[in-house]
Amino acid sequence: MVLGLDVQNQAALLKVVILGLISFVAIASRLFSIIRFESVIHEFDPWFNYRATRYLVSTSFYEFWNWFDERSWYPLGRVVGGTVFPGLMVTSATIYNILHALNFPVDIRNICVLLAPAFSAFTAISAYLLTAEIKDSSAGLLAAAFIGIAPGYISRSVAGSYDNEGIAIFLLMFTFYLWIKGLKEGSAFYGALTALFYFYMVAAWGGYVFIINLIPLHAFVLILMGRFSSRLYVAYSSFYVLGTLMSMQIPFVGFQPTRTSEHMAALGIFGILQIIAFVELVRSHLASKQFQILFKSFIVFSFFTMFFALVLLTLGGYIAPWTGRFYSLWDTGYAKKYIPIIASVSEHQPTAWPSFFFDLEMLIFLFPVGIYLCFRELRDEHVFVILYGITASYFAGVMVRLMLTLTPIVCVTAAVAVSHLLDLYLDINNLETERSVDKSESDNKGKHKKLKEGGSRSSLNQSKIFGIRSFDTRATVLIFFYFFLIIFVWHCTWVTSNAYSSPSIVLASSHPDGSQFIIDDFREAYYWLRKNTDYNSKVMSWWDYGYQIAGMADRTTLVDNNTWNNTHIATVGKAMASSEGVAYQIMRRHDVSYVLVIFGGLLGYSGDDINKFLWMIRIAEGVYPDEVKEGNFFTPRGEYRVDDEATPTMRNSIMYKMSYHNYNELFGGQGQDRVRGARLSSEKIKLSTLEEAYTTENWIVRIYKVKELDNLGRSLEQAAAFNSGKKRRRSKIKSTRNSKNG
Amino acid sequence: MEKFFRAFLFVLIFSLLTSHASAAKPSLETKLHKLNEATRKNQGVIELDSSLYDEVTSKPRNYSIVILLTALDPQINCVPCKDFDPEFRLVAKSWLGSGNILSRIYFGVLDFKNGREIYAKLNLNNAPTLFYFPPTTGQYAKEVSEPDRYDFNRRGFSADSFASFLSHHLGTQVPVNRPLNYFAIFITIFFILAGLAMLKLMFSIIQNLIQNKSIWTAFSLITIFIMISGHMWNHIRSPPYIIPQNGKISYITPGFSSQLGIESQIVAVLYCICSFSVVTLIISIPKIEDKTKQRFGVYIWMGVLVATFSLLFALFRQKNPGYPFRLFI
């Protein structure tokens, strides 16, 4: 007896303590960026979420719901309340209000920064619960530990990465846990809870579509396997009806569950379940075999009728076909051809194998082992795990970003595999030589008996299993696996520390002597904008920086990361890709007063605008095919160059001019572009409609002011030519004077 | 001779000066006539040579012409040329049969063996290349008279995208009428019927197959192995399978976010071996009754696992040189 508790309570206490420690580790390993830099919101999208949360906290929920943001997408504006998944903001606002009610005056920024790590602890706990349903609680603990530190999930949930995915993975796991629980027990209560958390998920992330397709798929496969049961009927019906009704309360989702193809599978399965339930009911009152055949054909018939009705309704336009984003998951060439804006995002690229290994290390080959073990048992919940594993691995292969949905199931299955292995090789009872020692300890015996019973329940071919019979083999396997697990922890820590903890608005590099060198150009530029420009001035930049400008500089932007209006983005792309005259007209029409470009040439920062320029051109060409042509930016040999051989179109584009303006002077002759490894042409770049307003310390952000119309009604080019001409004359006069003096 | 030539020049200049239109017209008309003849004769496609190329592309044009510079010579072995050729001819033939005015657009083909001079003049070193020459006079004349180059990389090699490129330039729909392949239809019907018959005859076997757990297990695991080893990346990006490099063949390309075709297969096999050894350790080993055999089995499979895993680490270090961990190798 330890602490006066019996074995069961000891186990429970241990589990709680272990889960607590896992949660602590999960949170702690996500804090690298805070320790290294500061408590700051990362990247792009989080800045919008942060801005929206601040708005929500400073006003009321209803005002947030009706928020029309006139400071983005100028001059269109954006209806934020209706186009946002509010779950994240509402969650942090709720935490904020609770803490303030308890007199903890916490800044909303810190809540936002730490929200994702906190939810990762919850994710670990829900992974424990889910795995405990699939195997047992020891596998659950392993799964919790895996997901706590797996880089695939950390990538989206480090402190400061204030994004929907941060809470969505917890919701995903917990919804699945509740679904499994509801299905196992045939409980409407758990079905309703599933629906509730599904609702939360719908409110939080667009990835809810994965749930609303995976659960019906699970139900459908169970039906095909002849495993229809009243449990399935109760769990699914309660989940579907409540979940759909609740999800329609989110304005962004609205009537989609009844009108789009993504949601039709769930509806169809709901219908089939009703029919089958009805047939089962009638069958229980009828004995005749003919009737059964009749009913079977009735089911098949109604299935096909529904399917064709769906096809007809889609063709008739009553049901929207798959949206481009989802369709591009199936037809992988689709996005590149028709929606370049989706293809341009780096996280929408397919996944090469190193990414899998990088994000999951040894879990990646334990994942199929777990799937195999699930096949051996194949209860209803194992079918779910298998389906989840197959679909998620496909999606992760198509898009790097969806690695996030694969990671939880990999952790669960890998935990199942490792736990099977440990069960087998740690089970001391099978070891004949040590049995005598065991017998003397009565306490341990009871525990081992329990373990053994647990083992016998899960293994099928109990009669043939002899266990592992010698000590040395056990020791070898255990030592190696212990070692593997340690390497896994090192790997995860290394990856988190090196790859996933950079805020991307503050860059770090090291001096030759090893000391850290912080590059804070982005914030420098945004604060300059905030302090030195008029509150109502409009800033044009490529859409990547829209949210940051709105969040940090608090200035109106033309386009931002929401990317809802392709034409508007293409217009900005066209402006960037055009010559000064054309661009000036576009900028005047959009009231642009400042243009912001990112230039990495001095520092070798490769994510700059010249490297993104091709996408701007492509997107612009999609809308203005006559005015912007991608081919004109390539040399006759098909190269994309910025040096002497750059094409005239390239050199005349304002993007090129703004990036390299005055750059040669920095080098006193020919500028050296360190990203593209090119020597620039020594020709001086002249700007007549734009003037340099600010360039940051390392030249990463360059801000240009759009000149006002000329006072004398000349075109700006004429004015600039005149001015420069005057200057030249003056200098001539000077030089002549000098010569006279000399 | 020289005199004659001078006189000719004089007449030419004179006529140009006096009435621009009347001078251009006859030559245009003969050109059109020639083009029409050639088009009708050869199912919508005009086979060009260097001189003819210069002639048909010279200004003024009151017609559009699209010219495919290709190299079908088997010695050159230009695969995209061979792929695109039937598509090009299909669009040309469809245009011929579409009932549109023939002279709106002509389709010309210049093979490398007939037009080395043109290739040299245009400084072209890759085929196929496709130019669209807009009309310079007449009712359809455009402001731009420079030819537009068809971007194969972006638009692809299909007749449909080529036709949409033309439609965009002409402002009318350019049709693509693929001839019905009766043979293919017949074959498909035959196979469907045969398949149905097989289904009927072998229903019980198929039913067994469908209900067989091992088959589903194998299917699922293979799918997963294919997906986690980056096959979708290969499918979307279509990288080279291997790169032969001065005598040596490189199987691994450096770079974290790229891979060769064979690389993902190597990795899939390594994953497979790792997974299989773990499964053996869990499932098969405890079923061995004999102690020595069991010990032997454990050491072998543990050895395989450790070796393969080390190899995986080594492979990964090649892709990501900064990676600090290693396992024995």
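**View 1. The open sheet of chain B.** Five strands make up this open sheet in chain B, ordered β1-β3-β2-β4-β5 with mixed pairing. Helices (H or I, at least four residues) and strands (E, at least two) are DSSP runs, numbered from the N terminus, and two strands pair if DSSP finds at least two bridges between them. The edges belong to β1 (45-48) and β5 (148-149) of chain B; each has a single partner strand, so one side of each lacks a neighbour in the sheet. This is a predicted model, in which local features need pLDDT of at least 70 and side-chain atom pairs count only at pLDDT 80 or more, while totals for chains, interfaces and linings use all residues. Residues are numbered from 1 along each chain as its sequence is written, with chains lettered from A and ligands numbered from 1 in the order in which they are written.

**View 2. Strands β2 and β3 of chain B, with a helix packed on the sheet.** Strand β2 (residues 64-70) of chain B runs parallel to strand β3 (residues 105-111) of chain B, and seven bridges join them. Here L68(B) sits opposite V109(B) of β3(B). Helix α4 (residues 79-96) of chain B packs on the sheet and touches β1, β2 and β3 of chain B; contact means that C-beta atoms, placed from the backbone, lie within 7 Å. The direction of α4 makes about 160° with that of β2(B), using axes fitted as lines to C-alpha atoms, for helices over the stretch in contact, and angles from 0 to 180 degrees between N-to-C directions.

**View 3. The contact between chains A and B.** Chain A brings 48 residues to this contact and chain B brings 53. On the side of chain A that touches chain B, α20(A) gives the most, with nine residues. That side of chain A divides into 33 nonpolar, twelve polar and three charged residues. Ala, Val, Leu, Ile, Met, Phe, Trp, Tyr, Cys and Pro count as nonpolar, Asp, Glu, Lys and Arg as charged, and the others, Gly among them, as polar.

**View 4. M650 of chain A.** Look for M650(A) in helix α31 (residues 648-652) of chain A. M650(A) is buried, with 21 other C-beta atoms within 10 Å; a residue is buried at 20 or more such atoms, exposed at 12 or fewer, and partly exposed in between, with C-beta atoms placed from the backbone. Apart from neighbours within four places in sequence, M650(A) is in contact with F633(A) and Y656(A).

**View 5. Helix α3 of chain A.** Among the buried residues of α3(A) are W47(A), F48(A) and Y50(A). Their cover includes α4 (61-65) and α6 (108-134) of chain A.

Technical notes: Two residues are in contact if their C-beta atoms, placed from the backbone, lie within 7 Å.
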